[in-house]
Amino acid sequence: MGVYKLLYNSDLCAYYNEHTAAGQPPLSAEKIKKFAFLDDPAAALELLKFSSVDHAVVEWHLPQMHCASCVWLLEHLQRLDPGIKQTRVHFIDRNLTVHFDPTQTNLRQIATLLSEIGYEPHLELSTHQRTSKSASSRRQWLILVVIGFCFGNIMLLSLPEYLGLNLAHDQRLGYLFRYLSLMISIPALLIGGKSFFQNAWQSLRKKELHIDLGIALSICLTFSRSTYEIISGIGSGYLDSMTGILFFMHIGRFFQDKTHDRVHFDLHYKHFFPLHVQRIKPKGELESIAIQKIAKNDLLEIACQEIIPADSICLCDHTEIDYSFVTGESAPVLVHRNELIYAGGRNLSQAIQVQAIKSVDQSYLTQLWNKDKKEISKTEYSFGNKLGTYFTIVLLAISLSAFAYWYPTDTSRAWHALTTVLIVACPCALLLSTTFTQGALLRHLASYHIFLKNANALDRIRSINYVVLDKTGTITGHHEYHTFVGVPLSDEEKTLIALLARQSNHPYSRALSRLTNSALYAGQITHFKQEIGKGLSAFINGTYVKIGSVGFIGLPYNNAHAGSRVYIQINDIHRGYFQFEHQFRQGLKITLAELSKDKELGLLSGDNASAQQGITQLMPYLQMIKFQQTPQQKLDSIRDLQRTKKVMMIGDGLNDAGALAQSDIGIAISDRSNHFSPACDVLMAGDSFHLLPQLFRVAKGSRHIIYASFSLSLIYNMVGLYFAIQGQMSPMIAAILMPVSSISIILFTHAASWMLCKVNFKTDPSHLPS
């Protein structure tokens, strides 16, 4: 009644008017007191993903979440507590992310609220993060051991009957074996059948039909019939079949759960983003390392527009951090020396030095990347529920019809048909076809340094018919200046230019930062300013330095300028420019030739039109070429193309963030850098750019694997039902075949996905640069 009043007063009963059997019982008031420890700031800090004066983020595991009504209610928590700004449900992992205002509510109040409505959060501090999963795994093993013990001993006691031995000379021994089998079967029934009975009962309460309903019915019928035969003395029953059903069903689900967890672990923990960060060595030199190699207390240098990869302490006087990637709010946050900077924030100021206080949480970065995409939508969840419901209805009708047909002529055959039909047929393999195929492909692609945001990206890649490319940092790889034209620069001036260039992660800036070993020089940088796509400026030790395009420096534009140039201005005096040469990526012409066979290609570049001379060899493959494009003009061009095309945008994530977000598929290219664009759908290492045509082929081939696995599942169900309806299959054989079907689908999708990648890529991923 307390939950109903709470929901009624907040006008949250609309869902329950249509779904009258949803919900979970709340905790008692005594149990809620255990959340008092959340008032401790140290405990709260360990749980929070982000915290500021008026915005905090926490993520909790809610094991009670199980249906669409749970999702609906949890996504409207702000109606129950005004201090909650936003909630986001991750249904597959049973996780809830809560954004709240610490000045209006706190962790204890939110935990108490969740408990009052029946969703007690499983609180995990860092020292106990694996307790829940390990305990769950131990329970699964314990259940298998108990059922296996019961199954084995019942088969041993049934051995005389298997061998056709006549125990008529000692009926008391036969009765003893049968009653011992009955007693041993009870723990297997209560422990092994609990999950099936719970799922069946919950589905009936919600006026739905779950696939476990058929299994629960078959277990109950087999046990009831066996008990009747043993007590009445007319037979030994089918307790070996019942315990066999439970044993093999649990083995199948255990294997399925472990496979799902492995795929989830590989995607969220094992395959790190192909991102790198600058680590400061003890003598002051910089080294580029993969973000997963960041260790606690490492000193890192974060350039302008780079993502903070791990929770860190700010070591500079002050900087501005954009937390929109974390909180969705774009207002910059001013951070001072020795203050905490949370992972996922983007540096908006000059290059800063930070000290990591944690290692990289790959799972957290993945969740941030996916925060605008739900891995399982309500539509997909409803489809699974509907398929299971219709399948169960048809299954019950077939089993009852088979029972009615055989009962007048052969009672034993009728019971066999009734139970085996309920056991052998299962839609699980049909539902697993898509999930495990996509999961396996995403895992294999990640090994080739192609990281997809989610399975939806794989689906959308298949429909792409127009590919738009950026030039600098995308089709061109390593950049070095060819020559300097102008007034010769002194060593001190080169150092100033290198120091300013270090503040940015643009390919040209990275090249200029190598003019001298600028890491060994200290420079007081003030009034730093970066205009995306134009240039950088700052006062360094009192000297005003500007580097960038001809327009940024303030010189008159001359279309005769050849190639790509970075102009230099020191103390408002133009000193000259660095001329860069084009170094196209290895195999670029072959890659474009492959793509142009069935797709149109275009090029959008911020360089001036004279740079077209450097891409003459590529012009036969390009249907559109536009230079001097600002970030907004790139976005507008993508939007115009989308009127008639499905467009993929490939850029370096710096000047292309808007175009990446606007496109149907955005691919960000990373060359040992950390300019990660949350707007992209695919993150690809620069060394894997030549694999782009193969990515399209793999995306198309995935559909064939899904169709093939779906067909295999359908054939299995039809063949299994054919023998089950005729009563020619024992219940235990049906129990073996059901998990075997799921396992076979898992093995088939993984093998087919591995073969699809192997055939198309023809490259050992271990040979790719790490």
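Tutor: What follows is a walk from the chain as a whole to some of its parts.

Tutor: This is a predicted model, in which local features need pLDDT of at least 70 and side-chain atom pairs count only at pLDDT 80 or more, while totals for chains, interfaces and linings use all residues. Residues are numbered from 1 along each chain as its sequence is written, and side-chain values use heavy atoms, with hydrogens and water left out.

Student: OK. How many helices and strands does the protein chain have?

Tutor: The protein chain has 27 helices and 26 strands. Helices (H or I, at least four residues) and strands (E, at least two) are DSSP runs, numbered from the N terminus.

Student: And what share of the residues counts as buried?

Tutor: Of the 770 residues in the protein chain, 52% are buried. Buried means under 20% relative accessible area, exposed means over 50%, and partly exposed is in between (1.4 Å probe, protein chains only).

Student: Let's pick a helix. How do the ends of helix 9 fit its number of residues?

Tutor: Helix 9 covers residues 171-192, and at 1.5 Å a residue its 22 residues should span 32 Å. The C-alpha atoms at its ends are 31 Å apart, which agrees. The expected span is 1.5 Å times one less than the number of residues.

Student: Which residues of helix 9 are buried?

Tutor: Gly174, Ser181, Leu182, Ile184, Ser185, Ala188, Leu189 and Gly192.

Student: What about Leu180, buried or partly exposed?

Tutor: Leu180, which lies in helix 9, counts as partly exposed because its relative accessibility is 32%. Together with Leu173, Leu176 and Met183, Leu180 makes a nonpolar surface patch of about 340 Å². Patches are made of residues with over 30% relative accessible area and no salt bridge; like charges are joined within 9 Å, and nonpolar side chains (Val, Leu, Ile, Met, Phe, Trp, Tyr) within 5 Å.

Student: You mentioned salt bridges. How many does the structure hold?

Tutor: The structure holds 20 salt bridges. A salt bridge is a side-chain nitrogen of Lys or Arg within 4 Å of a carboxyl oxygen of Asp or Glu.

Student: Give me an example. What does Asp298 pair with?

Tutor: Asp298 pairs with Arg279, and their closest N and O atoms are 3.1 Å apart. Asp298 is in the loop between strand 6 (286-290) and strand 7 (299-302) and Arg279 is in strand 5 (residues 276-280), so the pair ties together parts 19 residues apart in sequence. Asp298 is buried, at a relative accessible area of 14%. Arg279, Glu287 and Asp298 are linked in a network of salt bridges.

Student: What about Arg575 and Glu493, how far apart are they in the chain?

Tutor: They are 82 residues apart, with Arg575 in strand 21 (residues 573-580) and Glu493 in helix 20 (residues 491-501). The closest N and O atoms of their salt bridge are 2.5 Å apart. Arg575 and Glu493 are buried.

Student: Back to strands 5 and 6. How do they pair?

Tutor: Strand 5 and strand 6 pair in the antiparallel sense over five bridges. Two strands pair if DSSP finds at least two bridges between them. Gln278 stands opposite Ser288 in strand 6.

Student: Which sheet is that part of?

Tutor: An open sheet of six strands in the order 6-5-7-13-8-11, with antiparallel pairing. Strand 6 and strand 11 (340-341) are the edge strands, each pairing on one side only.

Student: And what is the order in the sheet of three strands?

Tutor: The order there is 10-9-12, again an open sheet with antiparallel pairing. Strand 10 (333-336) and strand 12 (346-347) each have a single partner strand, so one side of each is left without a neighbour in the sheet. Strand 9 (residues 318-322) is joined to strand 12 by two bridges, and Ile321 stands opposite Asn347 in strand 12.

Student: Last one. Where is Leu38?

Tutor: Leu38 is in the loop between helix 3 (29-32) and helix 4 (41-47). Leu38 counts as buried because its relative accessibility is 4%. Leu38 and Arg108 are 70 residues apart in sequence, but 5.4 Å apart in space, C-alpha to C-alpha.

Notes. Accessible areas come from the Shrake-Rupley method with a 1.4 Å probe; for residues, only the protein chains shown count as cover.
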